[in-house]
Amino acid sequence: MMMLLFLLALLAVTVACSFLKTSLTVGTAAFGATLLAFTLAGEPGWLSLTLVWLLFAAAATLLNYLPWRRAFITQPILKTFRKMVPQISETEQVALDAGTVGFEGELFTGRPNWRKLIDQPLPELSMEEQAFLDGPVEELCDMIDEWEFTHYRADLSPQVWDHLKKHKFFGMIIPKSYGGLEFSAIAHRAVLEKVGGMSATAGSVVAVPNSLGPAELLLHYGTDEQKNHYLPRLAAGEDIPCFALTSTTAGSDATSIADYGVVCEGEWEGRKTLGIRLTFEKRYITLAPVATVIGLAFRLYDPDGLLGETEDIGISVALLPRSTPGLDVGRRHFPLNNPFPNGPVRGKDVFVPLDFLLGGTEYAGQGWKMLVESLSVGRAISLPSSTTGGAKLACLATGAYARIRKQFNLPIGRFEGVEEALARIASYTYATSALSRQTASAVDAGEKPAVPGAIGKYHATELSREVLKDAMDIHGGKGIILGPRNYLGRGWQGAPIWITVEGANILTRSMMIFGQGAIRCHPYVLKELEALSIEDEDEQLKEFDRLLFSHIGHSMSCASRSFVLGMSLARFAAVPGDRQTRRYYRKLSRYAASFALMADVAMLTYGGKLKMKEKISGRLGDALSWLYISASMLRRFEYEGRPAADQPIMAWAFHDAIYRIQEALKGVIDNYPIAFARPILRRIVFPLGANERRPNDRLGHKVAALMLSPSETRERLTRGCYTKDREGWVIGNMEALLPDVIAAEPLERRMLKALRAGKISGYTFEEQLDSAVEAKILSVDEKKFLEGVRERVLEIVAVDDFDIRELQAGLSDKGEAIRDAA
């Protein structure tokens, strides 16, 4: 019995020192003090104690005497490490160097500093930015007719194009010194939310020039001459930009593009000059059909050494005016009935002078770095913002429709099956909105958030697709019949587009989120890799030794924290917050430790092969993502003053996120290649079992109820949506009608009760109303009110029908008239 107590005491000391992340010296002293206490007590026996003391003395000396430790422990590990580390290609190295690390780095420590997150206020719009939203953006929304854009025009109207140019929508990121608006990332997000939610066509046209368009690249890398020429023209809409990256044979593997340029002499505008002869074939290029200046990514070669000794200079970027001889902008692609301008760009032996290189020859070969840095910023804003806008609008519309539409004399939103979908819609919208605001805030904080940008792009597009799916189910036939009255169909058709662009979601999940995060954000891995490049062998060994034992301490700390916090239900985690939010922070602290541990276990096990283990990488990416999304939701909840009315939505979204984290970590453990280690990992990560559950029905009922009537919670959740009660905008019409529908419900119940009691009669609603007035069940004014509500409800639930010629848009009178007017 005493031997068991002795072993448990030593284990407890090890766990405690690891949990507190004490230094090796302090841990050794604590272990020795425990051993001394049992020795003085004479237990568990002199022979056992002597053996333990000998082992302890040998281990303590070997670990704490640095020359021996480096020679006998670190040196062999360093040799093995050199063999097992992933071979980082030049492309991957550029990607690693291009971004910065924000709060996501805290999650890899296993002990996030929550104060670092929540004490920093979320940025707000300036007065100028708010005025732009209330003025030009609202006016733009007044002009949007998505059915006209998608069915008749396959384009925006001339009036919309003029409005976008006049009010500098294409110059939101361009400084005022060049004629732009110089808006913050938060303002950029707000504009794309409102516009993109209403119209994918208009949203795409606004997003691209402010994302990976030449403006972003020009600002960071352009020569003064290029900036002075292009930026004012781009800001004023005199030039429309596009960026041609994707090749026919290289999509996700963008660095393998076959498009190339050769440095040579040629003729430009009647004179010989040094330039580049380009051959390229690009596709899926948004805005290409209307672009006047085309950013082109290609591989640059210098076989004659005209620029230097390097023949394969690398990925480079050039700016080509549309008028460039030999440049061919092809016909339009038609992406799933969303006719935002998109098409191919081609050229063969197109000669341009060297000063067309973005940034000049100084930046020749640095195109991949330029693209990765710019894309990390654009990816953090464009698609997360636009898809959040779509989710918000679907959430707003579906809540109203579920109250307005009745079946069996009951709003469909009261049925439990619909409640279940409404709860998902509201909670996913909350999560998506918090995530997109967090990534945009990171940009405003000066970060280049490569990993959060990938998280934002992947999860915002996936969650918004789930929101639209549930919205379509609730709307039923109303959602699938296309026409001017349909406000969901085009968004549902377009959902796969946003899943695909800016890095396909399968690639983003399985390779980018954890693949980049594991090296970029880990507190030690990148530093250990960098230590290998130290030329002095003694200095390399010393630095690697320091990092190695810090890394080992980190892993032991994460294991201890995961076990202790799992056993104690995270009660020992020091966290901020009130009675409600402390529970959230504690859970996140526990799972952050578990994630950090499993990340280390995976990297140790798979080494350089981890990037090929896409299922494992994807699951670890899921865990990292939902930790980040949960932190984003908590930051939003704290910033908004922890509103009690929002608590059900926050709770549903949080418990759903925690369940996803649990399942992701379970998937990593269940598929761990070393079978005997799986039970050990399960006991460390889930010491009391995997007990997280999806949000329960009672909580879902509370969330759904919040969506069915106007409230501050519903307004906060859908803030930024266009809700004007104008002709042709059904969502605005529903919002205006919703209070009257709610006010009519007691009168309808009174009528129904009288009808069942036989006090009134009639086959039609009108006959029943007349009978109710005669029986004094309703007053004349109440009858008129119900008649008005009924008429407006029927208009809301109505769907469109067409003459066959109108569906054949190319042959219809309306299609021809619109084209003639254009």
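Predicted model: local features only at pLDDT ≥ 70, side-chain atom pairs only at ≥ 80, totals over all residues.
Two strands are taken to pair if DSSP finds at least two bridges between them. Strand β2, spanning residues 260-268, runs parallel to strand β4 (residues 293-301), and the two are joined over three bridges. Within this pairing, tyrosine 260 sits opposite arginine 299 of β4.

Strand β2 has a further partner in strand β3 (residues 271-286), this time in the antiparallel sense and over nine bridges. Here glutamate 267 faces lysine 272 of β3. The two strands make a hairpin with two residues between them, and in its turn glutamate 269 adopts a positive phi of about 50°.

Arginine 299 comes back into view through its side chain, which meets that of aspartate 312 in a salt bridge (3.1 Å, N to O). This pair ties together distant parts of the chain, with aspartate 312 in strand β5 (residues 312-321) and arginine 299 in strand β4, 13 residues apart. Aspartate 312 itself is partly exposed, its relative accessible area being 36%.

Salt bridges occur elsewhere too, and the count for the model comes to 42. In general, side chains of opposite charge can pair when their charged atoms come close. One example joins arginine 714 and glutamate 735, at 2.8 Å from N to O. This link also spans distant parts of the chain: arginine 714 belongs to helix α28 (residues 712-717) and glutamate 735 to helix α29 (residues 730-756), 21 residues apart. Arginine 714 counts as buried because its relative accessibility is 4%, where the cut-off for buried is under 20%.

Another salt bridge connects glutamate 638 with arginine 642, whose closest N and O atoms are 2.7 Å apart. Glutamate 638 is buried at 16% relative accessibility, whereas arginine 642 is partly exposed at 30%. Beyond such pairs, Arg69, Arg70 and Asp545 are linked in a network of salt bridges.

Turning to the helices, α13 (residues 214-221) and α14 (residues 224-236) have axes that come within 10 Å and cross at roughly 150°. Their crossing is left-handed. On the α13 side, Ala215, Leu218 and Leu219 take part in the contact, and they meet Gln226, Lys227, Tyr230, Leu231 and Leu234 of α14. Sorted by class, this contact between α13 and α14 comprises six nonpolar residues, one polar and one charged.

Conventions: Residues numbered from 1 in each chain as written. Heavy atoms only, no water. Axes fitted to C-alpha atoms, helices over the stretch in contact; angles between N-to-C directions. Helix = DSSP H or I, 4+ residues; strand = E, 2+ residues; numbered from the N terminus. Left-handed = near helix turned anticlockwise from the far one by under 90°. Contact = heavy atoms within 4.5 Å. Nonpolar A, V, L, I, M, F, W, Y, C, P; charged D, E, K, R; others polar. Salt bridge = Lys/Arg side-chain N within 4 Å of Asp/Glu carboxyl O. Buried < 20%, exposed > 50% of the residue type's maximum accessible area, 1.4 Å probe, protein only.
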